[in-house]
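Visitor: Before we go through the labels used for this model, please show me the structure.

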Amino acid sequence: MTAAPPSHTNLKKDAFGVPSILFFVFSAQAPLTGIVGAAGLAVALGNGAGAPGAYLTVGLVIVLFAVGFTTITRTIDAHGGFFAVIRAGLGQRIGTSGSMLALLSYNTIQFAMYGLLGASMSSLLANDLNVHVPWWGCALGSITLVWLLGSLNVELGAKVLAVLVSLEFLLLTAFAIGVMLTRGVGSLNFLGSFGPHAVFSGAPGVAIMFAIASMFGFESTAIYAAEAKDPARTIPRATYVSVSVIAVFFAFVVWMLIAYYGSADAQPTALQMVSTDPTQFVLQPLDHILGPWAGPVAQILLCTSLLAGVQAFHNMITRYFHALAEHRTFPHVLARTNRHHAPWVGAAAQTTLAVLAVGIFALSALDPITTLFTWFSGLAVLALVVLYVVSSTAIAVYFRRHNTTDRRWQTLIAPALATVCMLGVLTVVVDNFDSLVGGAGPVMWALLATVPIVAIAGLLIVPPDSNPSTNAGGAVLEAA
């Protein structure tokens with residue numbers, strides 16, 4: 001008789017429906033952070049008025065990737081996200097390598113967000129309350145709060161995130177509608193933002209990189225498979241909805257920003273603001289359209305948006321730890337859960353990594369935005385795009401190996417096209433990497449080298465009790 005698995009490693013069953021998972025994903029994408037923090041840079045350094053088209057283009061490529069991704073999550077045990085998908089198609093070693101890249105990507109984007117959060121919160125306290133707290137103090141306080149939310153009860157986290165994300169969407173939607181009402185439909189130059197000549201003008205690769213960063217985390221839907229209600233249906237629905245909503249929403253709001261400034265004036269105006277404060281490209285129009293209350297509220301919501309984002313990435317990372325520990329790739333102690341069925345050891349480990357990252361930059365007296373935020377954002381985007389390439393390849397190989405003759409679009413054609421498109425995106429990211437990290441040099445080359453080093457390290461990790469028979473795909477949930 002086979003013994004039941006110990007309860008101290010069980011995650012909470014049937015904890016999430018589609019809405020809860022969507023709020024985790026939207027929180028990771030941090031809508032207000034993506035608009036306030038990145039829109040001005042995408043317009044100034046990228047393709048100007050064509051930036052909305054870049055956001056939509058990236059969204060379409062990710063939807064193409066999601067076709068195969070959602071199909072395979074109906075067929076395998078998707079707990080573990082990229083780890084499960086890549087292992088199913090390409091085996092345990094490459095799956096482990098992919099999981100290392102996923103952890104690199106998610107941890108570095110979270111560390112980057114802690115840098116921006118600490119700086120934003122420190123500035124907000126100084127300007128509004130005349131309370132002076134160093135950026136690293138604000139960051140460490142946020143890390144502590146995130147650890148508590150992640151360790152107590154993940155449903156509590158979902159409810160907190162739902163409120164914060166809803167406020168972000170409401171503010172940006174009100175602004176977009178306000179632009180349409182004040183500027184009039186006649187001022188909306190559709191071809192000037194979405195036409196091919198606009199999208200591919202200037203430096204479209206820069207805008208594409210910011211778009212990828214803004215849509216970070218949609219694939220995390222699969223990470224919650226072990227805790228989802230009816231995961232074979234919940235996970236695909238949450239994936240498609242999250243990709244579609246965020247791509248259309250970002251493209252629409254950035255388009256309204258272009259309409260506010262005018263297609264011809266948007267890029268020159270953004271360029272003037274880059275050297276001082278690129279967030280003003282969004283905050284000034286918010287004040288003008290919605291009233292003087294909107295800017296300060298947006299600055300507060302920017303901090304809560306970042307807090308929601310780091311909370312979401314914390315949840316994602318701890319579940320990667322849990323999945324890898326259950327497969328004995330990591331020490332099994334990381335799979336331990338507490339009475340709330342939250343992976344508390346994994347939460348403590350992730351919190352320790354965040355403290356170390358913030359501490360190193362603080363002790364080195366490095367600027368949290370121009371170094372921590374910029375460097376790690378670039379590294380995270382690079383690692384993520386590599387993961388997309390490997391994952392779409394793994395999906396095609398998995399279904400080819402299992403002789404799937406029907407649904408060729410979902411199982412072969414779409415994954416193959418996604419691989420080609422993601423390789424193109426990867427080329428653009430590498431070509432423009434110096435723009436992400438502030439120029440070529442030792443830092444750029446060190447960050448670029450980190451990705452293959454981590455991938456190779458993952459290939460060398462072999463669980464001592466790994467069973468080759470499980471490498472082909474894990475447990476089957478149901479035939480889609």
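Guide: What follows takes several labels and sets each against its cut-off; the model is predicted.

Visitor: Why is I94 called partly exposed?

Guide: The relative accessible area of I94 is 33%. Buried means under 20% and exposed means over 50%, with partly exposed in between, so I94 with its 33% is partly exposed. I94 is found in helix α5, residues 92-129.

Visitor: Which residues form the nonpolar patch on the surface, and what is their accessible area together?

Guide: The patch is formed by I94, I456, L459 and L460, with about 360 Å² together. Helix α19, residues 442-460, gives the most to the patch, with 3 residues.

Visitor: What makes F111 and F376 an aromatic pair, and why is the pair called tilted?

Guide: Their ring centres are 6.2 Å apart, and rings pair within 6.5 Å. The planes are 50° apart; stacked needs under 30 degrees and edge-to-face over 60, so the pair is tilted. F111 lies in helix α5 and F376 in helix α16, so the pair ties together parts that are 265 residues apart in sequence. Both F111 and F376 are buried.

Notes
Residues numbered from 1 in each chain as written. Predicted model: local features only at pLDDT ≥ 70, side-chain atom pairs only at ≥ 80, totals over all residues. Heavy atoms only, no water. Patch = residues over 30% accessible without salt bridge, like charges linked within 9 Å, V, L, I, M, F, W, Y side chains within 5 Å. Areas by Shrake-Rupley, 256 points an atom, 1.4 Å probe, with all protein chains shown as cover. Salt bridge = Lys/Arg side-chain N within 4 Å of Asp/Glu carboxyl O. Helix = DSSP H or I, 4+ residues; strand = E, 2+ residues; numbered from the N terminus. Buried < 20%, exposed > 50% of the residue type's maximum accessible area, 1.4 Å probe, protein only. Phe/Tyr/Trp six-rings, centres within 6.5 Å; stacked < 30°, edge-to-face > 60°.
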